[in-house]
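Here are my notes on the model you sent. They are set out as numbered points, to be read beside the coordinates.

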Amino acid sequence: MPMPIDVGDKVITKKPHPCGNNEFIITRTGMDFRMRCTKCQKEIWISRVKLEKRIKKIVKED
Ligand SMILES: [Zn+2]
């Protein structure tokens with residue numbers, strides 16, 4: 001079953017971004033996901049398969 005990942009969710013990844021941060025906000029969902037680094041604000045595209053492997057924790061928005 002795929003992980004429930006929605007726009008606005010914060011994800012904590014196992015591997016940090018090159019800037020050293022490991023918290024990202026999901027900005028687009030679909031076959032590929034777009035997420036923004038909360039430290040350097042850079043947005044990256046990532047496939048669902050890769051993203052699910054990298055996620056350590058999902059923090060849902062209220
Ligand atoms: Zn970054």
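1. What radius of gyration would a compact globule of 62 residues have, and what does the chain have? The model is a predicted one. A compact globule with 62 residues would come out near 11 Å, and the chain has 10 Å, so the two agree. Along its principal axes the C-alpha trace spans about 30 × 25 × 20 Å.

2. On confidence, the average pLDDT over the chain is 94, and 98% of the residues score at least 70. Confidence is lowest in helix α1 (residues 48–54), with a mean of 95, and highest in β2, at 98.

3. The secondary structure amounts to 1 helix and 5 strands. Read from the N terminus, the elements follow the order β-β-β-β-α-β.

4. The 5 strands make up an open sheet, ordered β4-β3-β2-β1-β5, with antiparallel pairing. β4 and β5 (55–59) are at the edges with a single partner strand each, so one side of each has no neighbour in the sheet. From one strand to the next, the twist averages 35°.

5. Strand β1 (residues 10–13) runs antiparallel to β2, and 3 bridges join them. In this pairing V11 is opposite F24 in β2.

6. Strand β2 (residues 23–28) is antiparallel to β3 and joined to it by 4 bridges. I25 stands opposite R36 in β3. The two strands form a hairpin with 3 residues between them, and G30 in the turn has a positive phi of about 150°.

7. β3 is also joined to strand β4 (residues 43–47), by 5 bridges, and this pair is again antiparallel. R34 has W45 in β4 as its bridge partner. This hairpin has 5 residues between β3 and β4; Q41 in its turn has a positive phi, of about 65°.

8. Over the chain, 11% of the 62 residues count as buried. As for contacts between residues at least 6 apart in sequence, 30% of them join residues at least 24 apart.

Technical notes. Residues are numbered from 1 along each chain as its sequence is written. This is a predicted model: local features need pLDDT of at least 70, side-chain atom pairs count only at pLDDT 80 or more; totals for chains, interfaces and linings use all residues. Two strands pair if DSSP finds at least two bridges between them. pLDDT is the predictor's confidence in each residue, from 0 to 100. Axes are lines fitted to C-alpha atoms, for helices over the stretch in contact, and angles run from 0 to 180 degrees between N-to-C directions. The radius of gyration is taken over C-alpha atoms; the globule rule is 2.2 Å times the number of residues to the power 0.38. A residue is buried if 20 or more other C-beta atoms lie within 10 Å of its own, exposed if 12 or fewer, and partly exposed in between; C-beta atoms are placed from the backbone. Two residues are in contact if their C-beta atoms, placed from the backbone, lie within 7 Å.
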